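Colleague: Please take a close look at a single part of this model, the disulfide bonding, and set it in its surroundings.

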Amino acid sequence: MRRVAAVLALVVAACLTTGAPAYAAQEGPRRDHVTPSADGVYVIGDSLTYRGRSQLLDLQPGWSVNGVNGRPVSAMPRLVRNILRTDRDPAAVVVALGSNPSRGWSAESLRRTVALLPAETYVVLVTTYKSSRWPRHGVRMTARYNRWMTQLAAVRPATCTAPWSEAAAAHREWLVDGLHATARGYVERAQLISDTLFDCE
């Protein structure tokens, strides 16, 4: 088994013996509050995560999945802090943000936010795909965010990218509008995220 699988097994055992971690006060509106995960895995995202939530939970019912339509990438620091208020030592965090650009968000913003997490926490950064049907500025910013994710994954241990941008570009039939997925697309996306986490080194 991969190292991440061993970590998840330890988290499940701890939950069975000590119970789920108690809530601490969380930041921001209720939609940004994070629920505990039986597996210690937390997914934070925007409309793609919101619309694909059932497919993720069908595959990984022990995960905590929080997706909100229109959520900007700049919400990531608050969401990560809320994860840590729920679980001080999460096994893994999946970040699926980037469809909605935020003014001032930078590679350093991403690095600092991920640095809030314990060094041993696995991090999966899900790249985003936007076709040319969308405004040019948004397409450029999405590509920039994807590049920053790849750069961070190259230098932080236990960090990987789930290449949804590549998968979606190769399978346009999985998309309904050049961004959001079909039912089949969300199944494929969920499988990609799960596989990436369990293969992450």
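The disulfide and the sheet

Modeller: The model is predicted, and within it the count comes to one disulfide, taking cysteine sulfur atoms within 2.5 Å as the rule. The partners are Cys-160 and Cys-200, with their sulfur atoms 2.2 Å apart. About the S-S bond of Cys-160 and Cys-200 the torsion is about 100°, so this disulfide is right-handed. Cys-160 sits in strand 5, while Cys-200 belongs to the segment after helix 8 (183-199), so the pair ties together parts that are 40 residues apart in sequence. Cys-160 and Cys-200 are both buried.

Strand 5 leads on to the sheet. Five strands make up an open sheet in the order 2-1-3-4-5, and their pairing is parallel. Strand 5 (159-162) and strand 2 (64-67) are at the edges; each has a single partner strand, so one side of each is left without a neighbour in the sheet. On average, neighbouring strands of this sheet are turned by 15° against each other, direction ignored.

Helix 6 (residues 136-155) also involves strand 5: the helix lies across strand 4 (122-126) and strand 5, and runs at about 150° to strand 5.

Key. Residues numbered from 1 in each chain as written. Predicted model: local features only at pLDDT ≥ 70, side-chain atom pairs only at ≥ 80, totals over all residues. Heavy atoms only, no water. Pairing = 2+ DSSP bridges. Helix = DSSP H or I, 4+ residues; strand = E, 2+ residues; numbered from the N terminus. Axes fitted to C-alpha atoms, helices over the stretch in contact; angles between N-to-C directions. Contact = heavy atoms within 4.5 Å. Buried < 20%, exposed > 50% of the residue type's maximum accessible area, 1.4 Å probe, protein only.
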